[in-house]
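Me: I'm new to this one. Could you walk me through how to read it, feature by feature?

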Amino acid sequence: MLHFPYYLDLFGTLMFAMSGALAASDQKMHRDWFGISFTGFITAIGGGSLRDIMLDIHPLAWIRDAHYVIAIGAGVIVSVVFRNVLAKLRRTLFIFDTLGISVYTILGVQKSLLAGVNPLAAIMLGMFSAVFGGVIRDTLLNETPLIFRKEIYATACLAGASLYVLLDYFGVPPQVCSVCGMVLIAGVRIVAVRYKLSLPKLD
Amino acid sequence: MLHFPYYLDLFGTLMFAMSGALAASDQKMHRDWFGISFTGFITAIGGGSLRDIMLDIHPLAWIRDAHYVIAIGAGVIVSVVFRNVLAKLRRTLFIFDTLGISVYTILGVQKSLLAGVNPLAAIMLGMFSAVFGGVIRDTLLNETPLIFRKEIYATACLAGASLYVLLDYFGVPPQVCSVCGMVLIAGVRIVAVRYKLSLPKLD
Amino acid sequence: MLHFPYYLDLFGTLMFAMSGALAASDQKMHRDWFGISFTGFITAIGGGSLRDIMLDIHPLAWIRDAHYVIAIGAGVIVSVVFRNVLAKLRRTLFIFDTLGISVYTILGVQKSLLAGVNPLAAIMLGMFSAVFGGVIRDTLLNETPLIFRKEIYATACLAGASLYVLLDYFGVPPQVCSVCGMVLIAGVRIVAVRYKLSLPKLD
């Protein structure tokens with residue numbers, strides 16, 4: 001059981017590296033291997049590193065454990081080699097990406113609560129863990145960050161993180177909180193994309 | 001006396017959250033409630049969190065104390081609900097914003113000197129506390145940061161921070177240093193805006 | 001021997017401050033003295049501060065030691081006063097810049113290995129130290145970061161950092177590792193610019 005979150009975390013890191021590498025390889029300007037690797041790396045470590053720096057948890061995962069750097073390298077290589085195949089797998093990738101943000105949000109909330117932070121900050125830190133890598137990726141690529149552009153992406157993370165904190169407050173065991181939180185995040189996002197729901201705009 | 005800076009700090013946080021939320025709601029693209037809240041949140045915590053991370057002061061204020069997160073939430077809600085009213089109150093908001101940066105600069109200098117940093121770094125950290133939330137806000141919204149665009153904004157912070165450090169060096173009591181520093185910041189900014197002064201450009 | 005890296009570090013800081021100040025003074029919008037100083041400052045401290053924050057090494061160099069802030073001030077003033085002369089010295093500046101990134105990369109790798117990080121992370125942190133100031137500079141100026149735009153810049157840093165780690169692994173003394181790493185970085189960059197080599201683009 002102890003090792004399960006570790007492999008989930010490595011898997012999330014690989015998924016984020018792929019999302020960064022694929023975003024960079026979509027842009028003419030960044031399409032050399034350095035631009036792709038760098039963007040993949042920053043996307044993968046951004047959210048988790050920011051969370052741990054804010055929580056003063058050291059050493060950072062990728063600094064402590066070379067497996068994270070290797071996972072990122074693997075994600076970048078897979079993205080570059082199979083990018084034509086991956087372009088046809090958008091639906092599959094969407095599922096993996098949704099899994100990735102669900103896992104990262106919940107791991108972020110757990111880590112924050114363990115560090116003794118207040119529940120509202122734990123919700124924000126969970127959401128940051130999941131979305132901040134993407135925010136840095138888009139800022140580097142000089143695009144409007146995706147979380148501003150599309151759908152219920154980060155709102156789903158906030159909802160799942162809030163559910164976790166609420167259930168935890170009522171003494172529900174962590175495993176149950178985790179599963180409920182992740183199902184809510186994945187559910188909200190899938191339903192929102194399927195039915196093209198978006199947040200109401202101010203007029 | 002102990003609690004006074006605490007409430008000032010909460011008040012500054014609320015003001016910064018409003019400035020972020022209003023900036024986001026001015027842009028078509030970010031005008032859903034998530035974009036507005038996220039921008040308000042980052043703007044409010046950006047400067048102080050960066051300062052404390054650089055000074056290695058943990059836990060960060062908003063992680064330790066849920067009141068900061070609540071103040072940010074209040075600032076975002078007020079901005080969204082009253083944004084039509086607020087648009088007519090630009091002059092009042094300008095005063096609050098000026099108060100906000102004055103307070104944040106001086107709190108930042110004090111905190112840095114207490115942490116034992118050198119005086120030049122204390123001046124820079126005071127200025128960062130006040131302006132960096134805004135820099136991140138503008139970078140996220142993909143605009144040229146305000147501190148590059150307009151008036152004597154950050155220069156006023158530098159002047160006030162320098163005055164604080166100078167008076168402190170000559171043994172002036174902290175309360176007097178604080179008041180002098182804040183008056184100088186607010187004064188420089190108000191005079192500069194009133195008489196449309198700007199820094200000389202290189203030709 | 002102890003002081004040599006210290007002066008190298010100060011020299012690198014001054015060079016980075018000049019590179020930031022000159023980049024800002026090239027843009028109409030940022031050409032007042034605040035924009036130039038701020039950009040110079042952020043460029044100079046960005047890479048090293050990020051590295052030390054990630055490694056949890058405190059206090060940061062420029063917070064501990066006012067000489068760094070003075071070196072940055074000197075770099076900014078030299079850039080502003082002599083910018084017409086400097087515009088004619090592009091070749092000389094290129095040499096200094098190349099020296100700067102070589103030194104910063106190797107110092108970053110050494111500091112990381114000393115802090116006990118894994119070798120892959122040490123390579124990444126060495127590269128970050130050298131290039132991240134520039135990434136922040138370009139993001140602030142709302143330009144596509146240079147490391148995405150041009151030549152073999154960061155790849156040279158990666159190559160030199162990797163060589164250092166490899167030689168170190170085989171027990172080669174640090175001085176020899178350093179010199180080999182720096183020569184490789186400078187060599188790769190100079191050859192690449194001289195012969196207009198660039199990384200292969202994906203098609």
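Reply: Let's take the features in turn, starting with how things are labelled. This is a predicted model, where local features need pLDDT of at least 70, side-chain atom pairs count only at pLDDT 80 or more, and totals for chains, interfaces and linings use all residues. Residues are numbered from 1 along each chain as its sequence is written, and chains are lettered from A and ligands numbered from 1 in the order in which they are written.

Me: How many helices and strands are there in chain A?

Reply: Helices (H or I, at least four residues) and strands (E, at least two) are DSSP runs, numbered from the N terminus. Chain A has 10 helices and zero strands.

Me: What share of chain A is buried?

Reply: A residue is buried if 20 or more other C-beta atoms, placed from the backbone, lie within 10 Å of its own, exposed if 12 or fewer, and partly exposed in between. In chain A, 53% of the 203 residues are buried.

Me: Is C:K111 buried or exposed?

Reply: C:K111 sits in helix α6 (residues 90-114) of chain C. It counts as buried because 20 other C-beta atoms lie within 10 Å.

Me: How do α6(A) and α7(A) cross?

Reply: Axes are lines fitted to C-alpha atoms, for helices over the stretch in contact, and angles run from 0 to 180 degrees between N-to-C directions. Helix α6 (residues 90-114) and helix α7 (residues 119-140) of chain A have axes that come within 7 Å and cross at roughly 140°.

Me: Which residues of α6(A) and α7(A) meet?

Reply: Two residues are in contact if their C-beta atoms, placed from the backbone, lie within 7 Å. Residues including A:I101, A:Y104 and A:L107 in α6(A) meet residues including A:L125, A:M127 and A:F128 in α7(A). By class, that contact has 13 nonpolar, five polar and no charged residues. Here Ala, Val, Leu, Ile, Met, Phe, Trp, Tyr, Cys and Pro count as nonpolar, Asp, Glu, Lys and Arg as charged, and the others, Gly among them, as polar.

Me: What about the phi of A:D56?

Reply: A:D56 is in the loop between α2 and α3 of chain A. Its phi is near 60°, a positive value in a residue other than glycine. A:D56 counts as partly exposed because it has 16 C-beta neighbours inside 10 Å.
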